[in-house]
Amino acid sequence: VSVAEKGKVYLVGAGPGDPDLLTLKAARLLAEADVILHDDLVSPSILALSGERALLMSVGKRCGRKKITQAAIHDLMISSARRKLAVVRLKAGDPLIFGRAGEEMDALRAAQIPFEVVPGVTAASSAAALLETSLTDRRVASKLIVFSGHHAAGEMAKQGLCPAIFAEDATVAIYMPGDNLSEMASTLLRNGVSGSLPCVAVSDASRPEARYQACRLSGLAHLILPPGPRLLLVGRAFESVLGGGAPVETASLDGVLELARSIHLE
Ligand SMILES: C[S@@+](CC[C@H](N)C(=O)[O-])C[C@H]1O[C@@H](n2cnc3c(N)ncnc32)[C@H](O)[C@@H]1O
């Protein structure tokens, strides 16, 4: 039984890059879709899962290079669905996090096109997995704040929000941090954010070329960002990353089974 209905648009999360992190539903929709409109960040190994006859179009607007307008993307989705085609609008990570899905859903609603959202693994979750760090480790972090670097330090400083957002008990995930970390760091420090907060820049999370670099906020200006899509994570939860990471203990399956049995017997 096919999952992709004709005349419908699917806003699908492609995850951070590793095709194994796609949901089963996303993989099935890719295989069945007639039209796939995808962002630049979606990796080729994921696009390779599309059906042979699917029409693939890159509609990405990375780094401000405007190849296609948002209105043209809406038109493409709407006119394809009206022609009774199954349309996948494929977005990096989760489609509802920094992906203009709000505007796209509004356009689909206005045109009375049925649509469905298929969530994906967002970049912050993938970066946390790479760092083996809980974003909400209850010993140090009681909140997770996600925001776009476009609005980071400058806007927040204007509104006096810096210390509130970069609180001692917060984990902050900054998507699209930009290249000017030194300006962001100085704004935060000037506004009373602690210079000892750990910061980790993660690039290409979940991909073979994944890398990260860690420092304290006071040294952020000197951090050289790796190329590729990257994220800046800030917060006490990353203390162990700064310290070179906690040693990874290995346990044999025997030990785990023994433990499972003992728990079961209690
Ligand atoms: C337009 S936003 C889309 C975010 C996406 N919807 C998500 O949930 O991950 C693009 C930004 O996401 C981040 N990003 C996406 N994939 C990433 C990856 N594999 N590693 C690190 N950051 C990534 C980067 O900050 C990139 O500039």
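**Ground rules.** I number residues from 1 along each chain as its sequence is written, and my side-chain values use heavy atoms, with hydrogens and water left out. Because the model is predicted, local features need pLDDT of at least 70 and side-chain atom pairs count only at pLDDT 80 or more, while totals for chains, interfaces and linings use all residues.

A ligand nitrogen is 2.6 Å from a polar backbone atom of Ile 97, and a ligand oxygen is 2.6 Å from one of Arg 230. Taken alone, the ligand exposes 570 Å², and the protein buries 90% of that (Shrake-Rupley method, 1.4 Å probe).

**Helix H5.** I moved on to H5, residues 123–131, a DSSP run of H or I with at least four residues, numbered from the N terminus. Ala 124, Ser 126, Ala 127, Ala 128 and Leu 131 are buried there, meaning under 20% relative accessible area (1.4 Å probe, protein chains only). After H5 comes Glu 132, with a positive phi near 50°.

**Cysteines.** How many disulfides are there? I count zero, taking a disulfide as a pair of cysteine sulfur atoms within 2.5 Å. For Cys 199, the closest cysteine sulfur is in Cys 215, 5.0 Å away, so the two are too far apart for a bond. Cys 199 is also buried, at 0% relative accessibility.

Key:
A polar contact is a pair of N or O atoms within 3.5 Å; within protein, one must be able to donate a hydrogen and the other to accept it, and residues adjacent in sequence count only if both atoms are side-chain atoms. Buried means under 20% relative accessible area, exposed over 50%, partly exposed in between (1.4 Å probe, protein chains only). Helices (H or I, at least four residues) and strands (E, at least two) are DSSP runs, numbered from the N terminus.
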